[in-house]
Amino acid sequence: MACSSLLLPILAAVLLPASPLLRPASTYAAKDELKLGLPLSAAALSFEEGYTQLFGDSNLMLHGDGKRVHISLDERTGSGFASQGAYLHGFFRASIKLPADYAAGVVVAFYMSNGNVYEKTHDELDFEFLGNVRGREWRVQTNVYGNGSTASGREERYGLWFDPTQDFHRYAILWTRDRIIFYVDEMPIREVVRTASMGAQYPSKPMSLYATIWDGSSWATSGGRYKVDYKYAPYVAEFTDLLLHGCPSGSTDPPCDAAAAMSPAQRSAMARFRARHMTYGYCHDRVRYPAPLPECSSAGVGAEAEAVAFLPSGEARSIGRRHRRARGGGADYAL
Ligand SMILES: *[C@@H]1O[C@H](CO)[C@@H](O)[C@H](O)[C@H]1NC(C)=O
């Protein structure tokens, strides 16, 4: 993407090299960036440069020159922050480390939304991390709303091939005019291709980037069976390497709207991930959607091949086996 020329006012301040301490263990080589077609090496913004606190007073703490943000949940409040600007399309990423041990009922969300501007017709793109009881893994949920389509959840849930509480991992959302891709550590895990049938349910108004932690006791873990236990508070989620590679609102510059083509290698890595780790998909949920939402029939890679692996509830048939983390696994997802 070449939207960086539009971001000069924003990026000018961040051309200083980041301290190695503030970077995740692996850094990106230019060739990886070319291979993936993503602006991975764009400079990360410090908190003051790009963000603003939303709620949670002292439960939001800055560390390391303001490039690391800790947001926490305790019995008083959760906390969260948002980007200062709104963007129409772009690439948005954070390295996130989730709270360890018992975290049932805890929700950490990293998402795009314009709900503050469009109360009834908002758009939203979500990564939601759903905590679990001790010894059980966090689940990741992605979701898409467009033009206030909150009656039509487009949720998918996955296990991960690593423990997201042990290290920082990168979670990213690419949003273009034609498609939306969710990434974990540069591996695409979900692609939403804009179809005519989705109409306005494809997010198409400027959105801001948000990160929050909050009490989701009523639904987050096993449908609300396990609640937040404040005996283990505070629950701290760590964010770093925040990347806003967004196109400023109103920009119609073609590069900002360029379609991101997925390479065959990325596409097959995504299919392998979904076969092994996806635990729920709305396109397979015949209880909630007796007739699948229109885009499901043309959902592209693996949609039909995937369907056989899911129950009519939308849950994966072999849910216990499928989401178990393979020790030392992940190498087979290399692109
Ligand atoms: C978005 O939703 C509103 C309210 O339901 C509707 O009036 C409007 O036409 C929709 N926008 C588009 C582009 O369909």
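**Strand pairing, burial and backbone geometry in a predicted model**

Ile181 lies in strand β11, and in this predicted model the residue is buried, because 21 other C-beta atoms lie within 10 Å and the threshold for burial is 20 or more. The C-alpha atom of Ile181 is separated by 8.5 Å from that of Val193, a residue 12 positions away along the chain. Strand β11, which comprises residues 179-184, pairs with β12 in the antiparallel sense over 6 bridges, and within this pairing Phe182 stands opposite Arg190 of β12. The two strands form a hairpin with 2 residues between them, and Asp185, which is located in the turn, has a positive phi of about 45°. Strand β12, residues 187-193, is mostly covered, with 5 of its 7 residues buried.

At the level of the whole protein, 7 helices and 16 strands are assigned, and 43% of the 335 residues count as buried. Among the contacts between residues at least 6 apart in sequence, 73% join residues that are at least 24 apart.

An open sheet is formed by 9 strands in the order β1-β4-β13-β6-β7-β8-β9-β15-β16, with antiparallel pairing. Its edge strands are β1 (51-55) and β16 (313-315), each of which pairs on one side only, and the twist from one strand to the next averages 20°. In general, the strands of a sheet pair through backbone hydrogen bonds, in either a parallel or an antiparallel arrangement.

Strand β5 is largely enclosed by the rest of the structure, since 11 of its 11 residues are buried. In a regular strand, the side chains alternate between the two faces of the sheet.

Among the helices, α5 spans residues 264-277, and its geometry can be compared with expectation: at 1.5 Å a residue, its 14 residues should span 20 Å, which agrees with the separation of 20 Å between its end C-alpha atoms. The buried residues of α5 are Gln266, Ala269, Met270, Phe273, Arg274, Arg276 and His277. In an α-helix there are 3.6 residues a turn, so that residues three or four places apart point the same way. Arg276, which is placed in helix α5, counts as buried because it has 21 C-beta neighbours inside 10 Å, where 20 or more are required. The C-alpha atoms of Arg276 and Gly159 are separated by 8.7 Å, although these residues are 117 apart along the chain.

Most residues other than glycine have a negative phi, and most peptide bonds are trans. Against this background, Asp57, which lies in the loop between β1 and β2 (60-63), has a positive phi near 25°. Asp57 is exposed, because 9 other C-beta atoms lie within 10 Å and a residue with 12 or fewer is classed as exposed. A positive phi, of about 60°, is also found at Asp101, again a residue that is not a glycine; Asp101 is placed in the loop between β5 (87-97) and β6 (106-113), and with 11 other C-beta atoms within 10 Å Asp101 is likewise exposed. A cis peptide bond joins Ala233 and Pro234, with omega at about 0°, and Pro234 lies in the loop that connects β13 (208-215) with β14 (235-248).

The model also contains a ligand, which is surrounded by Thr121, Asn147, Gly148, Gly199 and Ala200. The residues of this shell divide into 1 nonpolar and 4 polar, with no charged residue among them.

Terms used
Residues numbered from 1 in each chain as written. Predicted model: local features only at pLDDT ≥ 70, side-chain atom pairs only at ≥ 80, totals over all residues. Near = placed C-beta within 6 Å. Nonpolar A, V, L, I, M, F, W, Y, C, P; charged D, E, K, R; others polar. Pairing = 2+ DSSP bridges. Helix = DSSP H or I, 4+ residues; strand = E, 2+ residues; numbered from the N terminus. Axes fitted to C-alpha atoms, helices over the stretch in contact; angles between N-to-C directions. Expected span 1.5 Å × (residues − 1). Contact = placed C-beta atoms within 7 Å.
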